[in-house]
Amino acid sequence: MYRSPSPLPEQTRSTLSAALNERLADGLDLHSQIKVAHWNIKGPQFAALHPLFETFAVSLAAHNDSVAERAVTLGGKAYGTTRHVAKASRLPEYPQETTKDLEHVRLLAERIESYLVGLRESRALAEKHADMDTADLFTGIITEFEKHAWFLRATLET
């Protein structure tokens, strides 16, 4: 661990940095999956969903940067190469042959919900270790991506 401005004990910072890197791997994977959907979507909902998916991707890229920087601020490193993410992400693989608009909506809703599970686990860990700054970071991401999941699920309702 590197020196950190955080008053948390080194072992706590190490544990939280590892959790942040787990969420970074999931977030980077989710970002790439959203982009695949954005690029390949076809169907009657194209005009509405193409820019919506881009909005999700841009937002997630900013959150991924914040997660990585928090890991480094705590004295750890940020791991985010494509090869690392492929090994570390807990999200299911995205079926890249998908083109149908509502199939992309369903697949992204499932993956965002899986991403949220990991975020909530990591937030609970941060709270357990009294790192409210990291918990707040996770809370902000959770709040936003719960809304995105709701948009997607609402689109699937008939």
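Helix H4 comprises 28 residues and spans 41 Å from its first C-alpha to its last, close to the 40 Å expected at 1.5 Å a residue; the expected span is 1.5 Å times one less than the number of residues. Helices here are DSSP runs of H or I with at least four residues, numbered from the N terminus. The model is a predicted one, in which local features need pLDDT of at least 70 and side-chain atom pairs count only at pLDDT 80 or more, while totals for chains, interfaces and linings use all residues. Residues are numbered from 1 along each chain as its sequence is written, and side-chain values use heavy atoms, with hydrogens and water left out. After H4 comes Ala130, which has a positive phi near 60°.

H4 (residues 101–128) packs against helix H5 (residues 132–156) at an angle of about 160°, and their axes lie 9 Å apart. Axes are lines fitted to C-alpha atoms over the stretch in contact, and angles run from 0 to 180 degrees between N-to-C directions. H4 is therefore roughly antiparallel to H5, a term for angles over 145 degrees. Their crossing is left-handed, meaning that the near helix is turned anticlockwise from the far one by less than a right angle. The residues of this contact comprise 18 nonpolar, 5 polar and 8 charged. Asp, Glu, Lys and Arg count as charged, Ala, Val, Leu, Ile, Met, Phe, Trp, Tyr, Cys and Pro as nonpolar, and the others, Gly among them, as polar.

Helix H1 and helix H2 (residues 46–73) cross at roughly 160°, with axes that come within 9 Å. These two helices, H1 and H2, are therefore roughly antiparallel to each other, and H1 passes H2 in a left-handed crossing. Their contact has 14 nonpolar, 7 polar and 4 charged residues.

H1 also contributes to the largest pocket, giving 5 residues, the largest share of its lining. A pocket is an open set of points on a 1 Å grid where a 1.4 Å probe fits, with protein on both sides within 12 Å along at least five of seven lines; lining residues have an atom within 4 Å of a point. The volume of the largest pocket is about 330 Å³.

Note on methods
Parallel < 35°, antiparallel > 145°, perpendicular 65-115°, else oblique. Points joined across faces, edges and corners; volume = space filled by probe spheres on them.
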